[in-house]
Structure formats: C-alpha cells, structure tokens
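Please look over the structure below before reading the points. They are meant to be read in order.

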Amino acid sequence: MPTYTVTYSNAKLSDVQMENIAQAITKTHNACTGANTYFAQVIFQETPAGKHFMGGKPVHDGQIFLHGQIRAGRPPELKEKLILAMREALIKSSGLSKDQIWIYIVDLVPAQMIEYGEILPISGKENEWFASLSADLQAKLKALEK
C-alpha cells in the first residue's frame with residue numbers, strides 16, 4: 001500500500017523526471033494520508049509506440065495514466081485532495097498539460113493485502129503493525145523513511 005503505476009505513452013520521461021514523479025507521488029500520498037513513505041511504491045511502464053488507442057484510433061500526443069491502489073477506509077474528500085495534488089505533481093514533473101493526465105484510485109481492503117510478508121493493518125494501526133516486524137525489516141523500512 002499504496003502502489004502507484006505510472007503508464008506513459010507518446011512521451012519520454014527521463015530518469016530524473018521519473019525520480020521526481022516518484023518522489024512527488026510518495027510525498028503527496030504521505031501528506032494527504034499520513035501513511036509512512038516506506039509503503040509507497042511507484043512503478044513506471046512505457047507504452048510502445050503505436051500501442052495506445054482512444055475511440056479505436058491511434059493516440060499520438062503524450063499521455064500519463066496514474067493507477068493508484070490504496071487502502072480502503074479514507075473519506076471521499078481526502079481522496080479528492082489526493083488526486084488533485086497528484087495531478088499537479090505529474091504536470092510539474094512531466095511538462096504535460098492537465099488534459100494529458102489521467103488518474104484512477106482504487107480502494108483495497110487491508111486484510112486482502114500482504115506487504116513485506118505481512119497482512120496490512122487498517123489505517124491508524126501502522127505503529128502496531130510495524131512493531132510486529134523483525135528488527136532487520138524495521139531497520140530497512142526506517143532507512144527508507146529518510
């Protein structure tokens with residue numbers, strides 16, 4: 001939790017842009033939800049040229065699709081704040097306009113997710129979950145928070 005997949009087509013993202021987007025998504029998710037940054041994963045996928053269609057016709061202009069899977073239980077107002085902040089981060093980091101940005105957030109029940117080998121806690125129970133982890137894993141996750 002959360003896992004954000006950034007799929008982009010007809011656009012080139014440099015390594016620096018991808019790192020900036022990953023950092024912006026991580027910081028935005030943390031700021032909006034309070035979830036630790038070590039939970040945030042950002043995965044990039046480039047759509048090969050000629051493999052993106054809308055209305056059955058090839059798309060030629062740049063597009064970014066952000067698919068976020070987050071823990072269920074957050075109010076709609078928070079999710080709206082989250083997607084609007086994500087949109088601004090993608091615009092700033094990619095140079096694309098807002099009509100080239102697509103964002104989808106999907107809620108997943110924490111009890112149906114395993115990360116770092118353990119079933120995820122409900123929101124607000126992260127400290128108890130963290131305390132149940134091995135000392136080595138705790139150290140690894142603390143290093144990701146820096």
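1. On the source. This is a predicted model, in which local features need pLDDT of at least 70 and side-chain atom pairs count only at pLDDT 80 or more, while totals for chains, interfaces and linings use all residues. Residues are numbered from 1 along each chain as its sequence is written, and side-chain values use heavy atoms, with hydrogens and water left out.

2. On the overall make-up. The protein chain has four helices and eight strands. Helices (H or I, at least four residues) and strands (E, at least two) are DSSP runs, numbered from the N terminus. In sequence order the pattern is β-α-β-β-β-β-α-β-β-β-α-α. The C-alpha trace spans about 50 × 30 × 25 Å along its principal axes.

3. The protein chain has 146 residues, of which 41% count as buried. Buried means under 20% relative accessible area, exposed over 50%, and partly exposed in between (1.4 Å probe, protein chains only). Among contacts with a separation of 6 or more, 72% join residues 24 or more positions apart; a contact means heavy atoms within 4.5 Å.

4. On strand 1. Seven of the seven residues of strand 1 are buried. In a regular strand the side chains alternate between the two faces of the sheet. Here Thr3, Thr5, Thr7 and Ser9 point one way, and Tyr4, Val6 and Tyr8 point the other way.

5. On the neighbours of strand 1. Strand 1 and strand 2 (residues 41-47) run parallel and are joined by seven bridges. Strand 1 and strand 5 run antiparallel, also with seven bridges. Two strands pair if DSSP finds at least two bridges between them. Threonine 3 stands opposite glutamine 41 in strand 2, and its bridge partner in strand 5 is glutamine 69.

6. On threonine 7. Not counting residues up to four places away in sequence, threonine 7 touches Gln45, Thr47, Gln63, Ile64 and Phe65.

7. On strand 5 and strand 6. Strand 5 is largely enclosed by the rest of the structure, because seven of its nine residues are buried. Strand 5 and strand 6 run parallel, joined by eight bridges. One of the pairings is glycine 68 with isoleucine 105 in strand 6.

8. On tyrosine 104. This residue is in strand 6 and is partly exposed, with a relative accessible area of 38%. Tyrosine 104 and phenylalanine 65 are 39 residues apart along the chain, and their C-alpha atoms are separated by 7.8 Å. Leaving aside neighbours within four places in sequence, tyrosine 104 is in contact with Phe65, Leu66, His67 and Gly68.

9. On the nonpolar cores. The largest nonpolar core has 17 residues, and those with the most contacts inside it are Tyr4, Ile25, Ile64, Leu66, Met86 and Leu90. Strand 1, helix 1 (15-33), strand 5 (63-71), helix 2 (76-94) and strand 6 (101-108) each supply at least two residues of this core. Helix 1 gives the most, with four residues. Apart from this core lies another, of ten residues, among them Met113, Leu120, Trp129 and Leu141. A nonpolar core is a set of buried Ala, Val, Leu, Ile, Met, Phe, Trp, Tyr and Cys residues joined through side-chain atoms within 4.5 Å.
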